Amino acid sequence: MKVGDLVELIQKKSQPAAVPRVATIVNVWRQHTGKITTIDVMWGSDQGNQIRGYRPGLFRVVNEV
């Protein structure tokens with residue numbers, strides 16, 4: 001995961017299927033060992049262009065830059 005990558009929120013299976021939530025990584029926070037601790041993502045215009053920090057395990061990379 002790196003800045004500019006398009007990521008998708010990993011969601012549980014549901015009936016009916018949930019709408020995929022896609023965001024762009026705008027910042028990556030790392031520990032001194034290099035492990036990613038938090039990623040800041042910007043949601044699309046339908047979510048109001050919010051930028052928030054999340055655990056990287058909640059997302060999977062859809063499109064790498």
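The legends below go with several close-up views of a predicted model.

**About the model.** Residues are numbered from 1 along each chain as its sequence is written, and side-chain values use heavy atoms, with hydrogens and water left out. Local features need pLDDT of at least 70 and side-chain atom pairs count only at pLDDT 80 or more, while totals for chains, interfaces and linings use all residues.

View 1. Let's start with the overall layout. The protein has 0 helices and 5 strands, and from the N terminus on its elements run β-β-β-β-β. Helices (H or I, at least four residues) and strands (E, at least two) are DSSP runs, numbered from the N terminus. Of the 65 residues, 20% are buried. Here buried means under 20% relative accessible area, exposed means over 50%, and partly exposed lies in between (1.4 Å probe, protein chains only).

**View 2. An open sheet of strands.** The 5 strands line up in the order β4-β3-β2-β1-β5, with antiparallel pairing, and form an open sheet. Which strands stand at the edges? They are β4 (51-54) and β5 (59-63), each with a single partner strand, so one side of each is left without a neighbour in the sheet. From one strand to the next, the twist averages 45 degrees; the axes are lines fitted to C-alpha atoms, for helices over the stretch in contact, and angles run from 0 to 180 degrees between N-to-C directions. Two strands pair if DSSP finds at least two bridges between them. Strand β1 (residues 6-9) pairs with β2 in the antiparallel sense over 3 bridges, and here Glu8 stands opposite Val22 in β2.

**View 3. The largest nonpolar core.** Now look at Val7, Ala23, Ile25, Val28, Ile39, Val41, Trp43, Tyr54 and Phe59, the 9 residues of the largest nonpolar core. Both β2 (22-30) and β3 (36-43) supply at least two residues of this core. Such a core is a set of buried Ala, Val, Leu, Ile, Met, Phe, Trp, Tyr and Cys residues joined through side-chain atoms within 4.5 Å. In soluble globular proteins, nonpolar side chains tend to be buried together.

**View 4. Three aromatic residues in one cluster.** Trp43, Tyr54 and Phe59 form one aromatic cluster. A search of the whole structure finds 3 aromatic pairs. The ring centres of Trp43 and Tyr54 are 5.9 Å apart and their planes lie at 85 degrees, so this pair is edge-to-face. Trp43 lies in strand β3 and Tyr54 in strand β4, so the pair ties together parts 11 residues apart in sequence. Trp43 also forms a tilted pair with Phe59, at 6.0 Å centre to centre and 40 degrees between the planes. Rings of Phe, Tyr and Trp (its six-membered ring) pair if their centres lie within 6.5 Å; planes under 30 degrees apart count as stacked, over 60 as edge-to-face and the rest as tilted. Relative accessible area is 3% for Trp43, 18% for Tyr54 and 5% for Phe59.

**View 5. Where the chain begins.** Met1 sits in the segment before β1 and, at 29% relative accessibility, counts as partly exposed. Leaving out residues up to four places away in sequence, Met1 touches several residues, including Val28, Phe59 and Val61. Contact means heavy atoms within 4.5 Å. The C-alpha atoms of Met1 and Val61 are 7.0 Å apart, although 60 residues separate them along the chain.
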